[in-house]
Amino acid sequence: MLDLIAANKRRTVLLIAAFVLLTVGVGAALGFLVGNGVLGTLVALGVAAVMAFGSYWKADSIALAVSRAVPADPETYKRLHNLVEGLCIASGLPKPRIYIVVDPAPNAFATGRNPKHAAIAVTTGLLEKMNRVELEGVIAHELAHIRNYDILVATIAVTLVGTIVLISEVVIRLMWWNGGRVRREGDRDNGANPLALVGFLLLLLAPLFARLMKAAISRRRETLADVSACQMTRYPPGLLSALEKLRDDSTVTHSATSATAHLWIEEPLSGVRDQGRLGWLHRLYATHPPIEERIALVREL
Amino acid sequence: MIALLIVLIVLALLVIWVIVAYNGLIRKRNRVDNAWSQIDVQLKRRLDLIPNLVETVKGYAAHERQTLEAVINARNAALAAPSSPVAQEQADNLLTGALRQLFALSEQYPDLKANQNFLALQEELTATEGRVAYARQYYNDSVLAFNTAIETFPNVVFARMLSFTKRDYFEAEEAAKQPPQVKF
């Protein structure tokens with residue numbers, strides 16, 4: 001199990017490295033086409049970073065408010081609090097704040113910039129439909145997200161997407177306003193340069209690749225959280241049974257939005273389980289691996 | 001001149017490495033100690049819950065004296081047990097067995113089974129047993145991390161010099177590996 005975790009972390013690093021390379025490539029394309037690539041890239045990175053890290057800092061309150069979560073009373077939700085405390089002892093984490101989301105669909109999410117400022121929310125549907133070991137498995141999955149700093153990873157990914165999108169949009173508009181010519185008056189005419197075309201294509205496609213990469217990172221971290229959860233509880237059948245119940249349950253979570261989709265344990269956006277002609281496209285954008293895959297992985301543990 | 005500078009830089013890097021590695025080992029060792037005392041905290045918590053449980057059960061099943069007394073005796077034995085891990089574990093196992101008897105008892109008394117107090121206590125005890133298990137698991141994980149840190153290169157070079165010694169894992173004794181008997 002520990003090597004699976006290590007492998008997953010390695011893959012995340014590779015994905016983020018690829019992401020950074022793409023950003024550098026976009027920056028270079030910008031530089032080539034507009035004349036001052038480095039400054040442009042840095043500005044875009046700076047703006048995206050400020051936005052992303054600003055929201056990261058307040059990640060817990062934002063996510064909770066958007067989902068309309070209420071704090072879980074320790075007396076009414078004794079079992080929930082007990083399970084969280086037990087798992088915090090097992091993982092050495094401080095106990096996060098616990099919230100309830102009133103929603104018949106079984107689901108749960110974790111948020112917070114580091115283990116000390118973390119929060120977990122579960123839906124009332126989850127509490128009704130899961131038994132003790134299954135609930136424990138789900139909570140372990142959420143705590144694993146907190147322990148692996150997945151919110152930070154997601155924020156980095158979002159920053160890079162933002163940077164790439166910003167650069168691409170700015171350059172394309174610049175080129176549009178200049179009537180296709182992007183060099184200032186007085187430069188030597190380089191109209192027949194083929195690299196310009198490559199740069200342009202990169203700028204057009206980069207936002208798409210960036211979003212796909214962000215989704216890929218999110219899927220990696222989900223798998224990592226599944227494996228970490230089983231390591232925490234030392235009881236894979238709990239999470240396995242919970243995942244099977246989630247698969248068989250067809251209620252849609254209404255409290256999720258596309259912005260918070262990656263935080264929940266089960267993919268809350270409808271359309272991702274489509275088998276139709278665009279099903280593969282939906283799956284590329286999925287923030288979670290297909291649930292059958294997750295079940296197969298946990299079964300092997 | 002250059003040679004001297006290089007030697008100084010290398011020495012400085014060495015010193016920094018030793019400091020960083022040493023701090024890491026101290027942190028890991030402290031975690032092991034903390035994890036060990038955590039186990040005791042949870043065990044004590046379990047012992048504290050028992051008198052309340054016995055009182056609640058007495059209200060409904062007073063004539064089941066044998067079972068109730070077994071629980072109380074097991075608790076007192078656990079409190080009085082000497083600190084050696086073997087003795088502690090045997091007392092612990094005895095207590096678990098007695099508690100299982102008690103909960104099996106509740107099957108015969110539907111009123112007791114429905115009593116909110118009893119249910120709450122049952123939940124607390126189950127949760128506390130879970131916490132004890134997790135505390136032991138965390139202790140073992142910390143020991144693993146610490147032992148690995150002092151045995152791998154390059155820390156192994158100075159670990160023994162600075163008196164970092166291997167810690168033992170928490171292992172279930174042979175007696176504890178048998179499941180507790182539940183007799184009706």
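Q: Which residue stands opposite A:Tyr99 in β4(A)?
A: In this predicted model, A:Tyr99 faces A:Ala121 of β4(A).

Q: What makes β2 and β4 of chain A a pair of strands?
A: Two strands pair if at least two bridges are found between them. Strand β2 (residues 97–101) of chain A is joined to β4(A) by five bridges, and the two run parallel.

Q: What makes β3(A) a partner of β4 of chain A, and in which sense do they pair?
A: Four bridges link β3(A) to strand β4 (residues 119–123) of chain A, in the antiparallel sense. At least two are needed, so this is a pair as well. Within it, A:Ala110 stands opposite A:Ile120.

Q: Why is the pairing of the four-stranded sheet called mixed, and what is the strand order?
A: The sheet is open, with the order β1-β2-β4-β3 in chain A. Its pairing is mixed: β2(A) and β4(A) run parallel, whereas β3(A) and β4(A) are antiparallel.

Q: Why do β1 and β3 of chain A stand at the edges?
A: Each has a single partner strand, so one side of each is left without a neighbour in the sheet. Helix α6 (residues 132–147) of chain A packs on the sheet, where it touches β3 and β4 of chain A. The direction of α6(A) makes about 20° with that of β3(A).

Q: Which way do the residues of strand β3 of chain A point, and are they buried or exposed?
A: A:Ala108 and A:Ala110 point one way, A:Phe109 and A:Thr111 the other, and all are buried. In a regular strand, side chains alternate between the two faces of the sheet.

Q: Which residues have the most contacts inside the largest nonpolar core?
A: That core has 58 residues, and those with the most contacts inside it are A:Leu87, A:Tyr99, A:Ala108, A:Ile120, A:Ala121 and A:Ile139. Helix α5(B) gives the most to this core, with eight residues. Beyond its neighbours within four places in sequence, A:Ile120 has contacts that include A:Val84, A:Tyr99, A:Ala108 and A:Ile139. Another core, of 24 residues, lies apart, with A:Val158 and A:Leu160 among them.

Q: How many residues does each chain bring to the contact between chains A and B?
A: Chain B brings nine residues and chain A brings 10 residues. On the side of chain B that touches chain A, the largest share, eight residues, comes from helix α5 (residues 116–151) of chain B. That side divides into four nonpolar, three polar and two charged residues.

Q: Why are A:Tyr149 and A:Arg234 called partly exposed?
A: A:Tyr149 has 16 C-beta neighbours inside 10 Å, and A:Arg234 has 13. Buried needs 20 or more and exposed 12 or fewer, so values in between are called partly exposed. A:Tyr149 has a positive phi of about 55° although it is not a glycine, and phi of A:Arg234 is near 55°.

Q: What makes the peptide bond between B:Phe153 and B:Pro154 cis?
A: Its omega is about 0°. B:Pro154 lies in the loop between α5 and α6 of chain B.

How values were computed. Residues numbered from 1 in each chain as written. Chains lettered and ligands numbered in written order. Predicted model: local features only at pLDDT ≥ 70, side-chain atom pairs only at ≥ 80, totals over all residues. Contact = placed C-beta atoms within 7 Å. Nonpolar A, V, L, I, M, F, W, Y, C, P; charged D, E, K, R; others polar. Axes fitted to C-alpha atoms, helices over the stretch in contact; angles between N-to-C directions. Core = buried A, V, L, I, M, F, W, Y, C linked by C-beta atoms within 7 Å.
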